Amino acid sequence: MWIAAIALSALVALVFVANGAAKMLGHPKMTEASTHLGYSMRSFRIIGLLEVFGALGILLAPLCVPLSVAAATGLVLFTIGGCVAHLRASDPIRLATPALACALLTAAATGLQFVAA
């Protein structure tokens, strides 16, 4: 069970590091998304930084499970916020689906970490 928790946590961390780094570096698609969703680029960069920190926190599962669970919980809340932001911007549900999928994967990783601890 512990190996599955680490593998899923690594996958979730990879997704959030990539997404957070794109936000922090101001990738053109992220700039467009921030404008579309009504956020300033500064706010988007802060969100990206917090996503990267959350991903690093998830990777600390073997060293400190409570910190890893807290980081994963924060990322679940971020992704739910992302779904809400897309729906508030009147986007079709298919644009909010990746955020929802990330929330579910992160919740699964958190659950596996908690059970394996």
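This is a predicted model: local features need pLDDT of at least 70, side-chain atom pairs count only at pLDDT 80 or more; totals for chains, interfaces and linings use all residues.
Local features need pLDDT of at least 70 and side-chain atom pairs count only at pLDDT 80 or more, while totals for chains, interfaces and linings use all residues. Residues are numbered from 1 along each chain as its sequence is written, and side-chain values use heavy atoms, with hydrogens and water left out.

Helix α4 covers residues 65-88 and helix α5 covers residues 93-116; helices here are DSSP runs (H or I, at least four residues), numbered from the N terminus. The two pack at an angle of about 165°, and their axes lie 8 Å apart. Axes are lines fitted to C-alpha atoms over the stretch in contact, and angles run from 0 to 180 degrees between N-to-C directions. α4 and α5 are therefore roughly antiparallel to each other, a label given to angles over 145 degrees. The crossing of α4 with α5 is left-handed, meaning that the near helix is turned anticlockwise from the far one by less than a right angle. Among the residues that meet (contact means heavy atoms within 4.5 Å) are V65, V69, A72 and L75 in α4, with I93, L95, A96 and A99 among their counterparts in α5. The residues of this contact divide into 15 nonpolar, 8 polar and no charged. In this count Ala, Val, Leu, Ile, Met, Phe, Trp, Tyr, Cys and Pro are nonpolar, Asp, Glu, Lys and Arg are charged, and the others, Gly among them, are polar.

Located in α5, A96 counts as buried at 3% relative accessibility; buried means under 20% relative accessible area, exposed over 50%, and partly exposed in between, with a 1.4 Å probe and protein chains only. Not counting residues up to four places away in sequence, A96 touches C83, H86 and L87. In the loop between α4 and α5 sits S90, which counts as exposed at 64% relative accessibility. Phi of S90 is near 60°, a positive value in a residue other than glycine.

Helix α5 also packs against α1, at an angle of about 145° and with the axes 9 Å apart. This crossing, too, is left-handed. Residues of α1 including W2, L8, V12 and F16 meet residues of α5 including C102, L105, A109 and L112. The contact of α1 with α5 divides into 13 nonpolar, 3 polar and no charged residues.

What makes up the largest nonpolar core? It consists of 10 residues, namely L8, V12, A13, F16, A55, I58, A71, A72, L75 and A109; such a core is a set of buried Ala, Val, Leu, Ile, Met, Phe, Trp, Tyr and Cys residues joined through side-chain atoms within 4.5 Å. At least two residues each come from α1 (2-25), α3 (41-59) and α4, and α1 supplies the largest share, with 4 residues. Leaving aside neighbours within four places in sequence, A109 is in contact with L8, S9 and V12. A second, separate core of 7 residues includes A22, M30, M41 and I47.

Finally, S34 lies in helix α2 (residues 28-37) and counts as buried at 2% relative accessibility. Beyond its neighbours within four places in sequence, S34 is in contact with Y39, S40, M41 and F44.

Methods:
Angles under 35 degrees count as roughly parallel, over 145 as roughly antiparallel, 65 to 115 as roughly perpendicular and the rest as oblique.
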